Amino acid sequence: MEESFVFKFLGLNFDLAGIIGSTLMAAAVLLVCIWLSRTVELKPNKKQNVLEYLLDFTDGIVKDNVSDSDARKHLSLYAFVLFLFIWFMNQLGMFLEVKVGDFMFIKSPTADPVTTMSFAMMTLLLSFTFGMQKFGTRGYWRNYAEPVGFLFPINMIEEITNFLTLSLRLYGNIYAGEVLLTLIGNNLAPSFGIPTMILAAPLAMIWQGFSVFIGSIQAYVFVTLSMVYIGKKVTKE
């Protein structure tokens with residue numbers, strides 16, 4: 001994989017490819033939602049049906065995994081936006097990559113572990129917030145020691161593993177897909193001239209189609225596990 005352009009600001013490192021990619025995909029999600037909802041009617045049209053299906057789909061994920069009604073009413077929109085945002089970011093690198101010199105300026109933002117860890121941290125912070133609202137600060141921390149006190153450190157370790165597995169699962173799948181696509185295009189295709197170029201073209205198209213499927217599955221898995229983690233925090237052991 002090509003190196004990303006990293007710059008420093010206020011002592012922190014920022015990946016320009018991730019910033020550009022996530023900004024573009026945020027704009028894409030906004031434009032798609034505006035386009036689908038511009039002509040809302042009592043008798044839904046095709047665009048409205050698509051939007052309502054997506055809302056029902058993500059709302060179903062929330063209802064299946066979060067039992068607390070107060071948390072559920074705040075999470076439906078979060079799940080909807082999270083699913084669309086991750087789905088768009090997963091697909092970006094499959095169809096558009098911009099490289100200038102030795103640096104990559106546009107790629108899938110979710111092929112960077114910092115991006116996926118940021119999403120995972122958002123989910124964990126929301127789970128802490130809803131858990132403390134439900135049980136209070138003391139009751140929330142007491143739940144870590146249920147049903148027996150020695151489980152407290154084990155449950156704390158579980159929080160770290162939840163964070164890592166949630167973020168690295170998404171990152172690993174998207175990163176691996178982009179690596180293989182790069183190997184097909186940059187290594188296999190030019191290796192033996194025209195014969196390997198002919199072979200590489202259908203392989204690249206097949207892999208792109210498979211990667212769209214994997215990107216969709218990973219967006220679904222990320223949102224589902226996010227709701228599972230939040231649902232556990234608002235349910236007493």
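Which residues in H2 meet which residues in H6? In this predicted model, Phe-57, Ile-61, Val-62 and Asn-65 in H2 are in contact with Tyr-220, Val-223, Thr-224, Met-227, Val-228 and Gly-231 in H6. By class, the residues of this contact comprise seven nonpolar and three polar, with no charged residue among them. The two elements are helix H2, residues 46–65, and helix H6, residues 194–233, whose axes come within 8 Å and cross at roughly 35 degrees, and the crossing of H2 and H6 is right-handed.

On the H1 side, Gly-21, Ser-22, Met-25, Ala-26, Ala-28, Val-29, Val-32 and Cys-33 take part, and they meet Phe-80, Leu-84, Phe-85, Phe-88, Met-89 and Leu-92 in H3. The residues of the contact of H1 with H3 divide into 12 nonpolar and two polar, and no charged residue is included.

An unreviewed UniProt entry places the feature "transmembrane region" at residues 16–37, 75–94, 114–132, 179–200 and 206–230. Two of these annotated spans are described in the table below.

| Span | Distance between end C-alpha atoms | Helix content | Strand content |
|---|---|---|---|
| Residues 16–37 | 32 Å | 95% helix | 0% strand |
| Residues 206–230 | 36 Å | 100% helix | 0% strand |

Notes: Residues are numbered from 1 along each chain as its sequence is written. This is a predicted model: local features need pLDDT of at least 70, side-chain atom pairs count only at pLDDT 80 or more; totals for chains, interfaces and linings use all residues. Side-chain values use heavy atoms; hydrogens and water are left out. Contact means heavy atoms within 4.5 Å. Helices (H or I, at least four residues) and strands (E, at least two) are DSSP runs, numbered from the N terminus. Ala, Val, Leu, Ile, Met, Phe, Trp, Tyr, Cys and Pro count as nonpolar, Asp, Glu, Lys and Arg as charged, and the others, Gly among them, as polar. UniProt positions are given in the numbering used here, feature names are shortened, and annotations may be inferred rather than shown by experiment. Axes are lines fitted to C-alpha atoms, for helices over the stretch in contact, and angles run from 0 to 180 degrees between N-to-C directions. A crossing is left-handed if the near helix is turned anticlockwise from the far one by less than a right angle, and right-handed if clockwise.
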